[in-house]
Amino acid sequence: MSSPLPRPLTDLPVRRLTPGDLVACADLCEDRGWPRDEHRWGLLLAAGTGYGVDDPEGKGLMAACVVTSYGPSLAAIGMLLVAERHARQGVARRLMRHVMAEADGTPLSLYATSAGRPLYEQLGFAVVGRVERVTGFFRPTGERASAVTVRPAAAEDLRSIVRLDSDVFGSDRTHVLARLPAYADHIRVAELEGRLTGYAAAWPSDRTHVVGPLIAPDTATAQALITSLAEATDLPLRADIDARHAQLLDWFGQCGLRSGSETTVMTYGTPDLPGDWTRRYAPLTVATG
């Protein structure tokens, strides 16, 4: 008797991921040449909803992604990964269609790599922006970026941070920001006349400190926040900056950070990201796919 034909990969079930899948998600990153970044996966799986497809050969996950909901106005898709041995067989499209159906009309956003962008365009996502990554050891220029007061964040600042963040991002991210003190190694706030006007965090990833979120009323305040974070670490910095903030990107170059990869900001079901981009310099994490 002949053996039954193997089940098509695009017919395999999609399941919800749990914190117990963290290592399998990190293995999938490593398989695609990304840093394992278990620290970031821990946050994403705790604050969002993970979706995955088990490898039919029993080798962990064949594919995965995470959706972070910010209420009815927006959900962010990130970390869409398919194991190299199963790439280009329709698995990513299958997973994306499942996630989009689960969203049930909620507007979606994502940061696309050049490899992933064609698929997202075929699924109806539109380009709304661009993010540029800078990396390197921070070397101060010798002049203070701003006279603004910058200090380490305290526990009592969280309510003001959440209020500012909601205004700038146009979405309630309390469930993410509540985890920020445990996730980030350093958090700084900027104040003007006793009022919190900006904040920034640095969190560990692959022997670097990643700057994000970064919210500020102007470039000078953003520079002051970054300078304070850089003074707290001996590791190189990495930041994913909205490309419209050209002045800040030029300043990073003067401080020794080099430009690297770019990602495309895309949305589905909404013409643009909500909030005020002029004060939004960097997100918490760019989870690309």
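Predicted model: local features only at pLDDT ≥ 70, side-chain atom pairs only at ≥ 80, totals over all residues.
A cavity, as the word is used on this tour, is a set of grid points where a 1.4 Å probe fits but cannot get out, and its lining residues are those with an atom within 4 Å of a point.

**First stop: the cavities**

The structure holds four cavities of 30 Å³ or more. To find the second largest cavity, select Y111, D242, V265, L273 and R280, which lie nearest its centre among the 14 residues that line it. The space inside this second largest cavity comes to about 130 Å³. Next, colour β6 (126-136) and β13 (280-282), the elements that give two or more residues to the lining of the second largest cavity; of these, β6 provides the largest share, with four residues. By residue class, the lining of the second largest cavity comprises eight nonpolar residues, one polar and five charged.

**Second stop: the largest pocket**

Now select R32, V82, A92, A115 and G116, the residues nearest the centre of the largest pocket, whose lining is made up of 19 residues. The largest pocket holds about 450 Å³ of space.

Select residues 22-31 for helix α1 and residues 38-47 for helix α2, whose axes come within 9 Å and cross at roughly 125 degrees. This angle makes α1 oblique to α2, and α1 passes α2 in a right-handed crossing. Showing side chains here brings up L22, C25, A26 and C29 in α1, which meet E38, W41, G42 and L45 in α2. The residues of this contact of α1 with α2 are six nonpolar, one polar and one charged.

**Last stop: helices α8 and α9**

Finally, select residues 219-230 for helix α8 and residues 246-254 for helix α9, where the axes come within 10 Å and cross at roughly 35 degrees. The crossing of α8 and α9 is right-handed. Which residues of α8 and α9 meet? On the α8 side they are T219, A222, Q223, I226 and T227, and on the α9 side Q247, L248, W251 and F252. The contact of α8 with α9 divides into five nonpolar residues, four polar and no charged.

Terms used
Residues numbered from 1 in each chain as written. Heavy atoms only, no water. Axes fitted to C-alpha atoms, helices over the stretch in contact; angles between N-to-C directions. Parallel < 35°, antiparallel > 145°, perpendicular 65-115°, else oblique. Left-handed = near helix turned anticlockwise from the far one by under 90°. Contact = heavy atoms within 4.5 Å. Nonpolar A, V, L, I, M, F, W, Y, C, P; charged D, E, K, R; others polar. 1 Å grid on protein atoms, 1.4 Å probe; cavity = no way out; pocket = protein on both sides within 12 Å on 5 of 7 lines; lining within 4 Å. Points joined across faces, edges and corners; volume = space filled by probe spheres on them.
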